[in-house]
Amino acid sequence: MKALAFWLAFAVAAFGQLRVAKPDQEIHAKADVREVEVAFEFENAGSEPVTIARLESSCSCVRVGLKDEKRRYEPGEKGTVEAVFEVGNFSGAVHKMIQGWAEGDAQGSPSLRLGLTIHLPVLVAMEPKTLRWDQGGKPETKTIEIRMQADDPIRVKRASALNENFALEVETVEEGRHYRLKVTPQSTAEAALAVFQIETDCRVERHRTQRAFATIRPAKP
Amino acid sequence: MTSSVQVAIFLGIAAVGASAHWLVQGRPVSAALAAEETPLQPGEVRLEDVPDGVLWVDARPEAARADGELPDAIRLDPASAESLDRQVERHLEALFGAVEIVIFCDDARCNLSHELAKRLREDYGGLLGGEVRVLRGGAAALRRAGRLEAPRAPVPGQ
């Protein structure tokens, strides 16, 4: 009977052995980073060695691996899952998941379930990003609020539109902090699309040039 | 009872349990396929329910497209270094004129398509001609249906 109990205990101990110090991590990234590196430390809290067979992330934008490519962990031994998130054109709060399977884990029962939330600063916030007029409607002026969300001031240098049907005016509400882009169509008789380019003096290149959009389309029934 | 008999009993119970599970649940499937069988999330659509004439949006990174491409799909890559604004601008006419937009990434476990759908609805909603939905099963579902073709040569500016 003792041997039976031993084997049952062995079967139980083979699962849930990896203990992660912080399985969910939240990172506030700087505005000019291209990659964010995160480390998840874990420990083999069981009585048997564990070999990590596979790691997967929910996005191709997150590269995952084991520190020193070490896969086998003896009881009590510690390890680190290293994740690198490529910022790309993401902005705001981004949530990603990482899973890790030990040898013997069923597909639906990974030993490691890790969560990653990255906060990417939006230095130039435009609201709304797209303006819309009904075709045949009143060609009234509509406004995009541009608010700077950086510690240093960011100034709007110019705004331009390739579509001559739209007149643009930049109003300074607070220098370096708050602007208004006022857009007035000359006519709403025809359906139209427009792209507005807003140039700023933001020191971070990927935030420097902003775009807004406008449409004139038939009114929805 | 000897220990070897006890071990045999234990293994026998485990084998019976595993066989019963196999008979009831069927052959074990991949994690991606298993994910496809869960109920649809809001904004998702299965391939068999996608009508003709939708605008397909491929949200996969460049490397993933080597597996095959959907003809006439436009590419919007949320993980690209190029701003989404510039990518949207490149496909303005298509997005404006679309009756319905369906986004796909690798498979049911990939959430890039959901993130892109959220950004399109929130930031470009006034620009889009139709509803934005996410294909359940992604490129994997399209591949099984024989819809993906060999990658085409890159077009300058795309």
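A polar contact is a pair of N or O atoms within 3.5 Å; within protein, one of the two must be able to donate a hydrogen and the other to accept it. The legends below describe close-up views of a predicted model.

**Figure 1. Asn165(A) in the loop between two strands of chain A.** The loop that holds Asn165(A) lies between strand S13 (156–161) and strand S14 (166–174) of chain A. The side chain of Asn165(A) reaches the backbone oxygen of Ser187(A) at 3.0 Å. Apart from neighbours within four places in sequence, Asn165(A) is in contact with Thr184(A), Pro185(A), Gln186(A), Ser187(A) and Ile216(A). Asn165(A) counts as buried because its relative accessibility is 18%, and the term buried applies under 20%.

**Figure 2. An open sheet of five strands in chain A.** The strands of this sheet follow the order S2-S9-S8-S4-S6 (chain A), and their pairing is mixed. Strand S2 (24–28) and strand S6 (72–73) of chain A are the edge strands, each of which pairs on one side only.

**Figure 3. The pairing of strands S8 and S9 of chain A.** Strand S8 (residues 92–102) and strand S9 (residues 112–120) of chain A are antiparallel and are joined over nine bridges. In this pairing, Gly92(A) stands opposite Leu120(A), a residue of S9(A).

**Figure 4. The interface between chain B and chain A.** The contact draws on 36 residues from chain B and 31 residues from chain A. The size of an interface is often given as the accessible area lost when the parts come together. Here chain B and chain A bury about 2,700 Å² between them, and 57% of this area is on carbon and sulfur atoms.

**Figure 5. Salt bridges and polar contacts between chain B and chain A.** Three salt bridges are found across the interface of the two chains. Glu115(B) forms a salt bridge with Lys96(A), in which the closest N and O atoms are 2.7 Å apart. Between chain B and chain A, 16 residue pairs are in polar contact, with both residues at pLDDT 80 or more.

**Figure 6. The side of chain B that touches chain A.** The elements that give two or more residues to this side are helix H1 (3–25), helix H3 (84–90), helix H4 (92–97) and helix H5 (112–124) of chain B. The largest share, six residues, comes from H3(B). By residue class, the side of chain B that touches chain A divides into 17 nonpolar, nine polar and 10 charged residues.

Methods:
Residues numbered from 1 in each chain as written. Chains lettered and ligands numbered in written order. Predicted model: local features only at pLDDT ≥ 70, side-chain atom pairs only at ≥ 80, totals over all residues. Heavy atoms only, no water. Contact = heavy atoms within 4.5 Å. Buried area = accessible area lost by both parts, 1.4 Å probe. Salt bridge = Lys/Arg side-chain N within 4 Å of Asp/Glu carboxyl O. Helix = DSSP H or I, 4+ residues; strand = E, 2+ residues; numbered from the N terminus. Nonpolar A, V, L, I, M, F, W, Y, C, P; charged D, E, K, R; others polar. Pairing = 2+ DSSP bridges. Buried < 20%, exposed > 50% of the residue type's maximum accessible area, 1.4 Å probe, protein only.
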